[in-house]
Amino acid sequence: MTKECMEMIYLDYNGTAPLRPQVRGFVESYQHIAGNASSVHALGRKARSVVENARENVAALANALPENMVFNSGATEANNTVIRFFAGKKIYASAIEHPSVLEAGITGTIPVTRDGVVDLAALEKILQDEKPALVSVMYVNNETGVIQPIEEIVKRCRAHDAKIHCDAVQAAGRIPLDIKKIGVDYLTLSAHKIGGLQGAGALIIGMCRETPLLLNGGGQEKRRRAGTENVFAIGAFGVAAEAAKQGIEDFQKIAGLRDRLEAGLKDIAPSIIIHGINAPRVANTSFFSLPNISSETQLIAMDLARLCVSNGSACSSGTVKSSYVLEAMGCSKDVASSALRVSLGWESTEEDIEKFLAAYAKFAQRIAA
Ligand code: PMP
């Protein structure tokens, strides 16, 4: 790690998580090995065994069958693959989905409550009136950390013969994940949110036997996703998945740090609004607004204090926008554009939280002066 990285306090696990120690070990040991997983020679076979081993481990993280898992380049590809497969039919997604769902060709959105939970009555009405072929609802929202009632949603979709896709990127490694129990048709995962490398993900085929196809060409992934496998990143994904599964219980302890953070924030500025606090949330995410102070101003102040936090979604252009998730939750434009997200993980410490709070208190004093 460079000196610059070591001096930063990393509180943006939902944006991307640092590599897990086990993954660093894999990266060190695997980096000298060449080999296309489709090649017949010894190194090809070695690459194949890395991919198949990873398949077992990633499948185990979601209690899925390894043969139902298709590796790809990440959650954006998985989400696009499912949504585009239903092109021409009615597709409804919750209003707080990731842009890789919202912008992939959906018909309409399902509203959420003020707490950031899918509005079940509104979903029911859409199922009855619109009869969508596909409903897409994420398991955990990346901005608020709010856990969606996915089993209830699946039950309602089944009653109306709608297929159901679930982006479980922010649930994996954070809460127990069991595709058989929740009963969705398609499930999306991403390696870099659980401590693997960026650029690998998976689409798991659940109840539905039909495999959506985005890329044609080679016969990789049993003809379900053409293109040479990213063996390095897939191998790391498997290692991260194994560690994530083992670490789920420990992950829940992070809630103590998150609660300390939120109590400290309320002491610093009682006007702070903590989003989704009345809904079930994953242990690591806190999303709050300091009204009238733009996300950008807050982000820059924290960055200068060497704290890596986020305004919500990591935007590809690096610009800071108002949160569409908060707008969907009924927040005013002002509240939606003054939000900051702190997302913690397995390397977060009490000291990190105290440093964040000290920097935030200093910032709040400065702007109040
Ligand atoms: N879905 C959710 C909920 C996410 O948080 C992200 C990452 N921001 C994605 C999809 C996209 O994942 P990837 O970077 O693997 O394409």
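Which residues come nearest to the ligand? Thr76, Asp167, Ser190, His192 and Lys193 do, out of 14 residues around the ligand.

## Basis of the model

This is a predicted model, in which local features need pLDDT of at least 70, side-chain atom pairs count only at pLDDT 80 or more, and totals for chains, interfaces and linings use all residues. Residues are numbered from 1 along each chain as its sequence is written, and side-chain values use heavy atoms, with hydrogens and water left out.

## The ligand site

Helix α4 (residues 75-85) gives the largest share of the shell around the ligand, 3 residues. Helices are DSSP runs of H or I with at least four residues; strands are runs of E with at least two; both are numbered from the N terminus. By class, the shell holds 9 polar, 3 nonpolar and 2 charged residues. Here Ala, Val, Leu, Ile, Met, Phe, Trp, Tyr, Cys and Pro count as nonpolar, Asp, Glu, Lys and Arg as charged, and the others, Gly among them, as polar.

Polar contacts are pairs of N or O atoms within 3.5 Å; within protein, one atom must be able to donate a hydrogen and the other to accept it, and residues adjacent in sequence count only if both atoms are side-chain atoms. The side chain of Ser190 places an N or O atom 2.7 Å from an oxygen atom of the ligand. A backbone N or O atom of Ala75 lies 2.9 Å from a ligand oxygen atom. For Lys193, a side-chain N or O atom is 2.8 Å from a nitrogen atom of the ligand. Taken alone, the ligand exposes 400 Å², and the protein buries 86% of that. These areas come from the Shrake-Rupley method with a 1.4 Å probe; for residues, only the protein chains shown count as cover.

Strand β3 (residues 91-94) is covered on both faces. Ile91 and Ala93 are buried on one side, Tyr92 and Ser94 on the other. Buried means under 20% relative accessible area, exposed over 50%, and partly exposed in between (1.4 Å probe, protein chains only).

β3 pairs in the parallel sense with strand β5 (residues 134-136) over 3 bridges. Pairing requires at least two DSSP bridges between the strands. Tyr92 stands opposite Val135 in β5. β3 also runs parallel to strand β4 (residues 108-110), joined by 3 bridges. There, Ala93 stands opposite Thr109.

## Two residues of helix α12

Lys266 sits in helix α12 (residues 254-268). Lys266 counts as partly exposed because its relative accessibility is 37%. Leaving out residues up to four places away in sequence, Lys266 touches Ile272 and Ile274; contact means heavy atoms within 4.5 Å. A polar atom of the Lys266 side chain lies 2.6 Å from the backbone oxygen of Ile272.

Arg258 lies in helix α12 too. At 9% relative accessible area, Arg258 is buried. With the sequence neighbours up to four places away again set aside, Arg258 touches several residues, including Arg281, Asn284, Ser286 and Leu344.

## Positive phi values

Glu221, a residue other than glycine, has a positive phi near 50°. Glu221 is found in helix α9 (residues 220-223). Its relative accessibility is 5%, so Glu221 counts as buried.

Arg306 also has a positive phi, near 65°. Arg306 is in the loop between α13 (295-304) and β11 (307-308). With a relative accessible area of 31%, Arg306 is partly exposed.

Definitions and conventions:
A residue is near a molecule or strand if one of its heavy atoms lies within 4 Å of it.
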